[in-house]
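Work through the exercises below with the sequence and the structure open. Try each task before reading its solution.

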Amino acid sequence: MLKAQQSPGKFILFAIVLLIATAILAEYHELSWLKYSLLLTVIFILGAALFLMQRTVYKLKRLFSESRRSEFLLRTMIDSTPDYIFIQDRQHRYLMVNKAFAARGPHSPDYYRSKTALEAGVSEEDVLGNPEKGIPGLWAEQDEVVASGMPKYFAEKKMMINGVAKYLNKVLVPVKDDEGEVWGVLGFVHDITDIKKKEEDLEKKDRLLQAVAMATHELVTTDDLETAIGKVIGLLGNRMQLDRVNVYCNVGDTAREYYIDQLATWDSTTDDVVYRCPTSQRTPASTIPYVMRLLSHNKFYIRNVEDVEDEPLRVLLETRQVKSLASIPIFVAENFWGFVTFNDCQHKRQWTAAEVSILQSFGVTLGAVIERKEIEQQLIRAKEEAVFANKAKSEFIANMSHELRTPMNGIIGFNDLVLTTSLQPVQREYLENVRKSAYNLLTLINDILDFSRIESGKLAIDRSAFDPAKLVEDAIDLLMITAFEKKLELLCRVDPGLPTIVSGDAVRIRQVLVNLLANAIKFTPKGEIFVDVKESGPRIQKGNKTFCQLSISVKDTGIGIAPDKLDKIFESFTQADTSTTRKYGGSGLGLTISRSLSQMMDGDLQVLSELGKGSTFIFSLPLEILDDLPIAPLSPITSLKRVLVVDDNDTNRQLMQGIFDYLRISCVVSRSGEEALEAVRRAMRQGYSFDLIITDHQMPEMDGITLVMEIKQLLKGKEQPFLLMLSSLEKISFQRQAEEAGINIFLQKPVKLKDISDVLLSLVNTRDENGSIHPAVPRINSLTENASVLVVEDDPINQLLITELLNRMGFTVLQAGNGREALEILAQHQPALIFMDVNMPEMDGYTTTRVIRRLPNPLGKVPIVALTADAMSDDKEKCLQAGMNNFISKPFRIAEIESAIKLYIGGRN
C-alpha cells in the first residue's frame, strides 16, 4: 500500500526533471517552440506510459501474492480437517486429495493426482460395485451426481480400507465451470467408525442388559433352579454371540482341597444345555491355582487363551478351540460357591468394561438367587419339621386330653352320683368343693385344647341365630355363684335398643365373655364387676344384609395391670406378673384364646387398665342383624306412676334409673334406708305415693328387710306399694323373714331389663308372689323299666360309672370291653341304645360302628352315641362319618346322658 501511494510523486518528480532537461536541451540546441512543444508532448506521453506500466506491474504482483496466500490458506484448511476431501474429474481421476485422505495409505497427496480409485488401490468391489451384496460402487455414485448436477448424501457406507472395515458418511458435490457445465465432483467423507463402534457397544450393552434382566426373572420365578440356570446361560450366550457358557460349583472343604463340578454347559453349535457332564466332574481346584485364587478373592478373570497363566487350563482351552474367555465368580452368603465362564471360539474378544460390569452383576444376582433358594429349602425343611412337631404336639395334646379326661370322667361322674344321695351338710360342702375343683381342672384342659386347635388352624367359626342379651345374661348366670362367694357385686346393663336376634358364633362369643368374667372375678378381691352391652358404632349395610357392631365391656375394681404389662397379658401361657399366676392360678391361656377367637370372628379385644384401680376389657365384633326388634319393646304401663329404688351401690342405682327411664316411669333413687324413708315421707307430704319400691337386701346401717318393715309402719292404714327385693344367692337364708316383712317379689342380681319389664307387667294384674328359689338336692329320675343299653368301654372305672348311672335310671346295662365283645353281645341281645367309646383295644369304636351299620335291621339301625375322651372338633366329625348318631365328650354331665336317652329312646317308653 505504501508503494502504491508513493508512485504519483515519483512520476511528477520525473516529469519536472524531464521538463527541465528538455528546456535546457532546447535552449542549447536552439529548437523552435514548435519542436519544443512536440518534444515536450512526446516526453509526457512516454512518462504517462511508463507510469501506467509500473502501476499495472505492481497490481499484477499484488494479485499474484494474494492468490498464493489464499491458495495456501485453503490448502492448509483442507489438509487440517480430519475428513477425507478430494476432487475428481468426469473420468474419475483424482485432481486433488487432502492429507487425511492420503493418510489412509502409505502415499502422499501428490501420489493420487491423475489416478483413479482402482489405480490408487481401492478394491474393485468397492469401486465398481456388487449388486448381489447391494454395493452400488464409487464410480456409479459419482456418475449419478455428475448426471444430475445435484449434491447427494450417502450415509454409513461400509468400506474395507487397508484391510480394516470402516463406516463412512459421504457427500458428493458437482463442480461446474463458468458456463454451468459439470466437469467433476468434490467429495467430503466423514469417518464414523468410532461412533458406529460406540453405537454397537451400546446396542450390545442393551441386549446384554435385557438378557440379564430376563435371566434374573427366570431365576427368581422358577422353582427348579438347575433348569433355570441352564436356560439363562443359553440366553446370555446367544445375546452375547458367544460359543460356550459353563457354570461350575465348588465341592468339598474349601479350607483344604476341594473340587470343581460342572453344573451346566451351553454350546452354540447345538444350542442345547448339558447338565452335570460326567467327564467334567471332580476337577481338583489345585490344577488351576492362579484362576481360582483370583476368583476366590471376588475378582474376575479375563484372558485371550494365549495369555492364560495356568498351563493345564491353557492346553484344555486350546484343545477345545477357545480363543478368549471371561470367568465371573459366584458368592453365596460370602462364600465362594463357584463361577461362570464365557468362551469365544471365533475371535480374540475385546471384553468391554460395560460387559464385564453387567456379567459381574449377573454373578451377584445368581449368587443371591442360589442363596435365596437355599434359604427357601431350609425354610421348607424347617416348615416340614415344624409341621411334624406341631402334628406331634397336637397328637400329644389329644392323647393327653384323652388320658386326662378318662380319670376326670370318673371323678366328676362319681362325685355327681354321690351328690344325689343323702349327705350331711359338711359332706355336701366338701363334695361341692371337689366338684368345683374338678371343673376348674376341666376348664384348663379345654383351654389347652382350644389353644392347640387355634394354633393348628382347626378351630372353625360357626354362625347361627341367637339372642345377644340372653347370651350375655346366661354367661353371667354361670359365674354368679363364684362372684357371690367373693361377695362381689355382679352388675349388667344391656342396651334396650339392641336387636333381638343376630347371627354369629354364640358358643365362641359366650366362651370369650365367660373368660373375661372369670378373669375379672379372679383378680377382683372386693368391689364390683360391671358388664355393659351396647352397639359401638353405626350399622353397616353389605348387600341385602345389615350388620351391627356389638360391644361387650367387662369392667372390674380389681388389682389392675401396670402399663408396661398390658401387651404381655395376651401372650400364651403368660400373665401380667408371674406372681399373679402363683397367687391366682390359671393356665395363662384364657386371654390368648379370647383375643384369637375375637379376631377369627372379625372382631377385637382391647384392655384399659390402671394399677390398683381395676381393668376394663372391651370385646367388639360385627354381627348380622336377623330381627331388628329391640330386646325390650316399650309397653305402656299406665298403672305404675312412680318407683322408688334403694341401693347403696352407685352403679346399680344408675342401672335401675336407666331401666325406668327407658320404660318412661318416674324413678326416685336413694342410697340408704334413711334416704328412702325420707323420700316416702316427702311423697306423703306432697300428696303422692310410690306404686313400687325396689330395695337391695344388704345395705349398711339399715338392711332391706328392716327398711320394708319401717315403710310398712310409716304407711300403716294407707295403700301399700308393691315391694320388690333385690338379692344375691343368699336369699334362701332370709326368705321367710322377708316374706313375713311383706316383700312381694324377689329378683336376683344382676337385674335384667327383661325381668324388670316382665315383673312390672305382671304387677298390673296380680299381686301374687313370685315363686321362691330353693336349692334342690340333685336327683336322678327313673326313665324306664324295660329297656337295655349296651355300654362299650374299656376303662373299668368309667364302665362302673356309666353302669351305675344307667341302673339308677332304670335300664338294664350290657357291658363290653371292646368292639369285638360288643358284636358278640349284639348277636344275642337287641339294646335300645349303645354308648360307644372310641379308643379301645382289639377293635376301636369307629370300626365297630361301621360293622354294626352293615348288620341287618333292626340291629343296623340301633342308635349309637359316642362317649369318648377325644374332644377335638374333628373327633366329632369322625364319629358322625363312621355312622354314630351323636357325640358326648368325657367327662360328661348327667344331664347330657339324660338328654341322649330322651332323644333316642324316650319316645318308646
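**Exercise 1. Decide whether Glu 141 is buried or exposed, then find its charged partner.**

Solution. Step 1: Glu 141 has a relative accessible area of 3%, so it is buried; buried means under 20% relative accessible area, exposed over 50%, and partly exposed in between (1.4 Å probe, protein chains only).

Step 1: the side chain of Glu 141 forms a salt bridge with that of Lys 170, at 2.6 Å from N to O. A salt bridge is a side-chain nitrogen of Lys or Arg within 4 Å of a carboxyl oxygen of Asp or Glu.

Step 2: this pair links distant parts of the chain, with Lys 170 in strand E4 (residues 164-176) and Glu 141 in helix H5 (residues 138-148), 29 residues apart. Helices (H or I, at least four residues) and strands (E, at least two) are DSSP runs, numbered from the N terminus.

Step 3: Lys 170 is at 8% relative accessibility, so it also counts as buried.

The model is predicted: local features need pLDDT of at least 70 and side-chain atom pairs count only at pLDDT 80 or more, while totals for chains, interfaces and linings use all residues. Residues are numbered from 1 along each chain as its sequence is written, and side-chain values use heavy atoms, with hydrogens and water left out.

**Exercise 2. Describe the salt bridge between Asp 474 and Lys 470.**

Solution. Step 1: the N to O distance is 2.9 Å.

Step 1: both Asp 474 and Lys 470 lie in helix H12, four residues apart, which is about one turn of the helix.

Step 2: Asp 474 has a relative accessible area of 28% and is therefore partly exposed. Lys 470, at 46% relative accessibility, counts as partly exposed.

**Exercise 3. Find which residues are joined into one network with Asp 650.**

Solution. Step 1: the side chains of Arg 671 and Asp 650 meet in a salt bridge at 3.9 Å, N to O.

Step 1: salt bridges that share partners join Asp 650, Arg 653, Arg 671 and Glu 675 into one network. The whole structure has 19 salt bridges.

**Exercise 4. State where Asp 243 lies and what its side chain reaches.**

Solution. Step 1: Asp 243 sits in the loop between helix H7 (225-239) and strand E6 (244-252).

Step 1: Asp 243 is buried but has no salt bridge, and the nearest side chain of opposite charge, Arg 349, is 7.0 Å away. For charge, Lys and Arg count as positive and Asp and Glu as negative; His and the chain ends are not counted.

Step 2: the side chain of Asp 243 reaches the backbone nitrogen of Cys 345 at 2.5 Å.

**Exercise 5. Locate Leu 550 and the largest nonpolar core.**

Solution. Step 1: Leu 550 belongs to strand E18 (residues 545-556). At 3% relative accessibility, Leu 550 counts as buried.

Step 1: the C-alpha atoms of Leu 550 and Leu 621 are 5.5 Å apart, although 71 residues separate the two along the chain.

Step 2: the largest nonpolar core has 45 residues, and those with the most contacts inside it include Val 531, Ile 552 and Phe 619. Such a core is a set of buried Ala, Val, Leu, Ile, Met, Phe, Trp, Tyr and Cys residues joined through side-chain atoms within 4.5 Å; contact means heavy atoms within 4.5 Å.

Step 3: H14 gives the most to this core, with eight residues.

How values were computed: Polar contact = N/O pair within 3.5 Å; in protein donor to acceptor, adjacent residues only side chain to side chain.
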